[in-house]
Amino acid sequence: MKAITSNKWVLLLVVTLVITNLVLAFIAFSQKKSSRSDNSFKTQVGLSEEQAKIFEEKKKNYFALMKPHWEKVAELKDSLYRHLGDERVPDSLIASYVDKWHTINRHSDIQLFLHFREMRAHCTPEQLPRFDSVVTKMVTRRRR
């Protein structure tokens with residue numbers, strides 16, 4: 001530490017880099033990611049302000065409905081992977097966990113499809129091809 005404090009240029013450089021990193025981290029984490037993707041969706045489909053409000057409300061309702069299901073899947077996976085070190089875990093137990101979360105995921109996928117179909121009903125005929133394209137890209141990107 002004495003070597004750094006004796007060389008004031010190095011100390012100044014280190015302090016400058018630390019401050020710069022803190023500022024960049026603050027900027028990066030203070031921006032809302034969802035607003036950027038919502039604006040992108042809004043502009044890509046060409047939604048009006050009224051449509052955007054309807055879509056945002058439906059999105060909030062969908063996430064509120066699905067959050068318990070996603071949490072249940074996380075709990076099931078956590079419960080299964082707690083048995084990872086146990087060599088005597090029966091295959092039936094593994095299959096049981098996987099079947100349960102596949103059932104929940106199946107329900108989630110059906111709800112997602114119905115959600116987008118309901119949102120599609122609020123689009124104008126000109127917006128429908130863009131909506132279908134953007135939603136298809138969103139859903140396939142989510143699975144990767």
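**Exercise 1. Leaving aside its neighbours within four places in sequence, which residues is Ser108 in contact with?**

Solution. The model is predicted, so local features need pLDDT of at least 70 and side-chain atom pairs count only at pLDDT 80 or more, while totals for chains, interfaces and linings use all residues. Residues are numbered from 1 along each chain as its sequence is written, and side-chain values use heavy atoms, with hydrogens and water left out.

Step 1. Helices (H or I, at least four residues) are DSSP runs, numbered from the N terminus.

Step 2. Apply the contact criterion, heavy atoms within 4.5 Å. With the sequence neighbours set aside, Ser108 touches Tyr62, Met66, His69 and Trp70.

Step 3. Check accessibility. Ser108 counts as buried because its relative accessibility is 3%; buried means under 20% relative accessible area, exposed over 50%, and partly exposed in between (1.4 Å probe, protein chains only).

**Exercise 2. Describe the second largest pocket and its lining.**

Solution. Step 1. On a 1 Å grid over the protein atoms alone, a pocket is an open set of points where a 1.4 Å probe fits, with protein on both sides within 12 Å along at least five of seven lines; lining residues have an atom within 4 Å of a point.

Step 1. Give the volume, the space filled by probe spheres set on the points. For the second largest pocket this is about 280 Å³. Of its 13 lining residues, Leu112, Phe113, Phe116, Val135 and Val139 are the closest to the centre.

Step 2. Assign the lining to helices. H5 (91–120) and H6 (128–143) each supply at least two residues, and H6 gives the most, with 7.

Step 3. Sort by class. The lining has 6 nonpolar, 2 polar and 5 charged residues. Ala, Val, Leu, Ile, Met, Phe, Trp, Tyr, Cys and Pro count as nonpolar, Asp, Glu, Lys and Arg as charged, and the others, Gly among them, as polar.

**Exercise 3. How many salt bridges does a search of the whole structure find?**

Solution. Step 1. The criterion is a side-chain nitrogen of Lys or Arg within 4 Å of a carboxyl oxygen of Asp or Glu.

Step 1. The search returns 6. Among them are Glu49 with Lys42 at 2.3 Å, N to O, Asp78 with Arg82 at 2.6 Å, and Arg88 with Asp86 at 3.7 Å.

Step 2. Asp78 is partly exposed at 38%, whereas Arg82 is exposed at 63%. Arg88 is exposed at 72%, and Asp86 is partly exposed at 35%.
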